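Please look through the model below with these notes beside it. They are written as numbered points, so that each can be checked in turn.

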Amino acid sequence: MSKCFYLTTAIDYVNGQPHLGHAYEKVIADVLARARRSLGEKVFFLTGLDEHGQKVQQAALAEGKNPQEYCDGLAVIWREFARRLGLSNDDFVRTTDPRHKSVVQTILSKLHTEGQFYKKTHKGFYSTSAEMFLTEKDRLPDGSFDPSYGKVIELEEENYYFKLAEHQQWLIDYIESHPDFIVPESRRNEMLGFLKNNELEDLCVTRPAARLNWGIPIPFDPDFVTYVWFDALVNYISIPAAHGDPGVAAALGLPGGGAELWPADAHVIGKDILKFHAVFWPIMLKAMGLPLPKQILVHGWWQKDGEKLSKSTGNVVDPIAVIEEWGLDAFRYYVVRELDIGADGNWTDAGFRSRYQSELANGLGNLVNRSLSMIKRYRAGRVPRGDNDLAAEMNECHTRMVACYRGHRLQEALVSAGALITRANQYIDQTSPFKLAKDNANAARLDDILFTLAEVCRLLGVVLWPVIPGVAEKLQKQLGFNEPTTNLAERPRPIVEGHPIGEVFGLFPRKDP
Ligand code: MSP
């Protein structure tokens, strides 16, 4: 069996509210998954939920529910959120799934038997919201801890620790010799800077069950549960294990024979959780004898109107409300077009409207509408045969978009599609087919123009499909292709002479300003 292109997102905390940041990450991962499928690759796209830990336990208690019942209720909302975003995920992990918990326990037992853990007592400052001990380095210049750590308490407790420190130089060498391991480069430099200027401390991988019981029990010591990040990171291999991935199965002594998934081709994550993915996770994998993911693709953070997204201040963007008003594809298009993966973004309603009007309604929508309406009017709805005047531009757009999709440069892919749309709209203005149509002597020239426009629309319907699948399928249907072509690997064959187009309607309803 050949290996799948295996793509993951961060798993969201179940007790949070789905917002723009979560939606953005899931959409970019979905675009990458769809693009790879369109390029003929077998893809496995995983997303899901992070359900253990103190915050969930406390939130459940506050609602008078047991934590599992509480998570089950919220998981329904999150799954629905994934559906509304049009995600084409192949599985959805919940860290409370028995299939996940058993793999975490297998790993804990294996690492314990191999002497990777030790027990010690630690006294220090503990952040209840980050669920971790803080160090002196976490203090602000005035001696206090950053408010993002929430309530910080002094705590003394015994726990198991995972030997991280001894792998520090190995990790630096690995990152240095694998330039595509952490992308973009600024994030790679950040991690190298961190690793070269700090001494790694061993990782506390347990929490005393007396204090926190909503976690995966440590199989060799009933007094402890698993630290939530150790549990959560394992989702990237517990699901391959559940699908019988041969490499993971061999490393962990589990039954194999299924789909080849690991190593992941890309973990798509936000910048705030880079250290967990670029430091803890690689060392955990090394200890397990598993190869590292090929890439950690780090996206930036969204703000709204220049301020942090925050439920308490009401500074939120509700993706579902945007989708209901403007359509799923407009939302997907906007977030992909607005931000290069890695950069931070700022949502403004005006910015969204402006791209909608200029690039979707007046750009793509207008091009398709004008082109197909003219074929209806001047050629009785049948695509004529002619010369393709924009063949070079189409070729360039296709080649560049394929390279961008493969290189995870999604904004650039849309810039390239935008250039073709603008060019084709100008071409209509410059060649004035509506004037040519008035005189039959221009019939051959008009055929060229209408054929060229049909071809451009066709290509756009294919190359834009990973980002805006719904609109791309509608576009292709209007062109008379009821079975949409999503194959990006080859340029679509020229439309045959006399091909009947379908019903023409606006792809993007105009909105009053
Ligand atoms: N549960 C952990 C991840 C475990 S992965 C093994 C977590 N959950 S989270 O719900 O807080 O965040 C999930 C993802 O959403 C993260 O990648 C995070 O960076 C991303 N975002 C959360 N807020 C965001 C923005 N405002 N903007 C963009 N992405 C943001 O961390």
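1. H499 belongs to strand β18 (residues 499-500), where a strand is a DSSP run of E of at least two residues, a helix is a run of H or I of at least four, and both are numbered from the N terminus. H499 counts as buried because its relative accessibility is 11%, and buried here means under 20% relative accessible area, with exposed over 50% and partly exposed in between (1.4 Å probe, protein chains only). When neighbours within four places in sequence are left aside, H499 is in contact with G381, R382, V383, L479, G480 and F481, contact being heavy atoms within 4.5 Å.

2. A word on the source: this is a predicted model, in which local features need pLDDT of at least 70 and side-chain atom pairs count only at pLDDT 80 or more, while totals for chains, interfaces and linings use all residues. Residues are numbered from 1 along each chain as its sequence is written, and side-chain values use heavy atoms, with hydrogens and water left out.

3. How many aromatic pairs does a search of the whole structure find? The search finds 27, counting rings of Phe, Tyr and Trp (its six-membered ring) whose centres lie within 6.5 Å, with planes under 30 degrees apart called stacked, over 60 edge-to-face and the rest tilted. One of them joins W262 and W281, which are edge-to-face at 6.0 Å centre to centre, with 75° between the planes. Because W262 lies in the loop between α9 (246-252) and β12 (266-270) and W281 in helix α10 (residues 274-288), this pair ties together parts that are 19 residues apart in sequence. Both W262 and W281 are buried.

4. The rings of F331 and W347 have centres 6.2 Å apart and planes at 35°, so this pair is tilted. Since F331 is part of helix α12 (residues 328-338) and W347 of strand β16 (residues 345-347), the pair ties together parts that are 16 residues apart in sequence. F331 and W347 are both buried, and they belong to one aromatic cluster together with Y24, W302, W326, Y334, F352, Y356 and F508.

5. A pocket is an open set of points on a 1 Å grid over the protein atoms alone, with protein on both sides within 12 Å along at least five of seven lines, whereas a cavity is a set where a 1.4 Å probe fits but cannot get out; lining residues have an atom within 4 Å of a point. The volume of this second largest pocket is about 180 Å³, and α11 gives the most to its lining, with four residues.

6. Two cavities of 30 Å³ or more are found in the whole structure, a volume being the space filled by probe spheres set on grid points, which are joined across faces, edges and corners. The largest holds about 70 Å³ of space, and its lining includes D12, K26 and W78; β3 (43-50) and α3 (67-84) each supply at least two of the lining residues. The second largest cavity holds about 40 Å³ and is lined by M394, E455, R458, L459, R491 and P492, with helix α17 (residues 443-463) giving the most, three residues.
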